[in-house]
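Subject: Structure handover

Hello,

Here is the structure for your files. Please load it before reading on.

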Amino acid sequence: PADKTTAASIITSGQHIIALGPTANWLGKVWPTQNYQPLWHDLCTAHPTARPAIFYGPGEQEAALARPVLAALPNAIDAGGRFSLTQTAAMLARCRLYVGNDSGLMHLAAATGIPTLGLFGPSRASEYAPAGPLSRWVAAPGGEGVAPIAALPVNTVAHAALTLLEQTEPRI
């Protein structure tokens, strides 16, 4: 209950929050951070009341990957680095959608039951895709597990995210 209370104080009821996860455990799986601003433009054009929340884990590498996205999206909720795993799960559960790299956060988002879109390049979606009825994934063009994630186009991610939003009902 305390974690849900903390989450509710950060992501309040009635907000249309889209969670973004720009980090991963190795740089080869990280979709270029500069892609999140044009992705957000496409998402908020279709959903003008949406607000981004940037999720990332503890540590300097995670923070360094999240900083450019937070700077590019000044209205974003900083939902990373300082929260426990259960607080993070409670915050994710209050979001309308999660879009992010193949990472633990992607799997945690899917486990909360929210619509989750995983981004794949050099990791194998056939093994590591998010699980659940509201989970989808997109991969960079090329061979599975070898394609560079930088080759994953913004418009492909935006289309998949918007389609997933359209297919799912609001949670809050």
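Below are notes on one helix pair and the aromatic pairs.

This is a predicted model: local features need pLDDT of at least 70, side-chain atom pairs count only at pLDDT 80 or more, and totals for chains, interfaces and linings use all residues. Residues are numbered from 1 along each chain as its sequence is written, and side-chain values use heavy atoms, without hydrogens and water.

Helix packing

Helix α2 (residues 36-46) packs on helix α7 (residues 154-167). The angle is about 35 degrees and the axes lie 9 Å apart. Axes are lines fitted to C-alpha atoms over the stretch in contact, and angles run from 0 to 180 degrees between N-to-C directions. Helices are DSSP runs of H or I, at least four residues; strands are runs of E, at least two.

From α2, Pro38, Leu39, Asp42, Leu43 and Ala46 make the contact (heavy atoms within 4.5 Å) with Val154, Val157, Ala158, Ala161 and Leu162 of α7.

Aromatic pairs

The whole structure holds 2 aromatic pairs (ring centres within 6.5 Å, using the six-membered ring for Trp; planes under 30 degrees apart are stacked, over 60 edge-to-face, the rest tilted).

Trp31 and Tyr36 have ring centres 5.1 Å apart and planes at 80 degrees, so this pair is edge-to-face. Both Trp31 and Tyr36 are buried (under 20% relative accessible area; exposed is over 50%, partly exposed in between, with a 1.4 Å probe and protein chains only).

Phe120 and Trp137 are also edge-to-face, at 6.3 Å centre to centre and 75 degrees between the planes. Phe120 sits in strand β5 (residues 116-120) and Trp137 in strand β6 (residues 135-139), 17 residues apart. Phe120 is buried at 0% relative accessibility. Trp137 is partly exposed at 44%.

Best regards
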